[in-house]
Amino acid sequence: MSDSSSAAPVVLDVWCELECPDCHLALSDVHALRARYGDRLEVRLRHFPLEKHKHAYAAAQAAEEAVVQGKGWPYIEAVLARTAELARSGEPLLIEVAAELAWTPRSSTPRSSTAGTCSSWTRTRPRARRSASPAPRPM
């Protein structure tokens with residue numbers, strides 16, 4: 001991709017796993033590309049949760065819920081910034097990040113009467129490999 005202007009934006013599909021420390025490091029590259037190419041680059045997140053990370057599916061599903069509630073990229077970036085903590089604490093961290101961004105996680109198929117829990121996140125496979133909305137421009 002050159003710096004010259006083109007008519008159609010280029011789409012960058014970023015395959016990511018929200019419990020992966022390397023994915024957190026790659027986020028700075030995505031920011032740099034977005035800063036350089038602006039609106040000519042459409043960045044889409046594709047979930048790729050790995051089974052070796054036991055909270056990856058829950059994090060992917062939570063991120064999809066955040067997208068629906070208009071908090072997708074802020075949620076994704078906040079979780080990626082805390083991958084080590086996610087590995088240790090799991091779902092409580094996902095709920096905490098949601099609260100910090102002022103949205104309440106809701107499961108699409110309630111399995112618990114406990115408000116604010118993410119119990120279905122670990123029991124159902126998320127809509128993995130689905131894209132989130134385009135990444136916002138860095139400030």
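This is a predicted model: local features need pLDDT of at least 70, side-chain atom pairs count only at pLDDT 80 or more; totals for chains, interfaces and linings use all residues.

Q: What share of the 139 residues counts as buried?
A: It's 41% of the protein chain. To get that label, a residue needs under 20% relative accessible area.

Q: What makes up the secondary structure, and which pattern does it follow?
A: There are five helices and two strands, and along the sequence they run β-α-β-α-α-α-α.

Q: Which residues of helix α5 are buried?
A: In α5, residues 91-100, they are E91, L93, L94, V97 and A98. Their directions from the axis cover an arc of only 160°, so they sit on the same side of α5.

Q: What is on the other side of α5?
A: There you'll find P92, A99 and E100, which are exposed. That label calls for over 50% relative accessible area.

Q: What do the buried residues of α5 pack against?
A: They pack against three helices: α2 (56-68), α3 (72-80) and α4 (83-89). Contact here means heavy atoms within 4.5 Å.

Q: Where does pLDDT stay under 50?
A: That happens over residues 108-131, where the model still has 48 contacts beyond four places in sequence. The protein chain averages 77, with 71% of the residues scoring at least 70.

Terms used
Residues are numbered from 1 along each chain as its sequence is written. Side-chain values use heavy atoms; hydrogens and water are left out. Helices (H or I, at least four residues) and strands (E, at least two) are DSSP runs, numbered from the N terminus. Buried means under 20% relative accessible area, exposed over 50%, partly exposed in between (1.4 Å probe, protein chains only). pLDDT is the predictor's confidence in each residue, from 0 to 100. The arc is that of the directions from the helix axis to the C-beta atoms.
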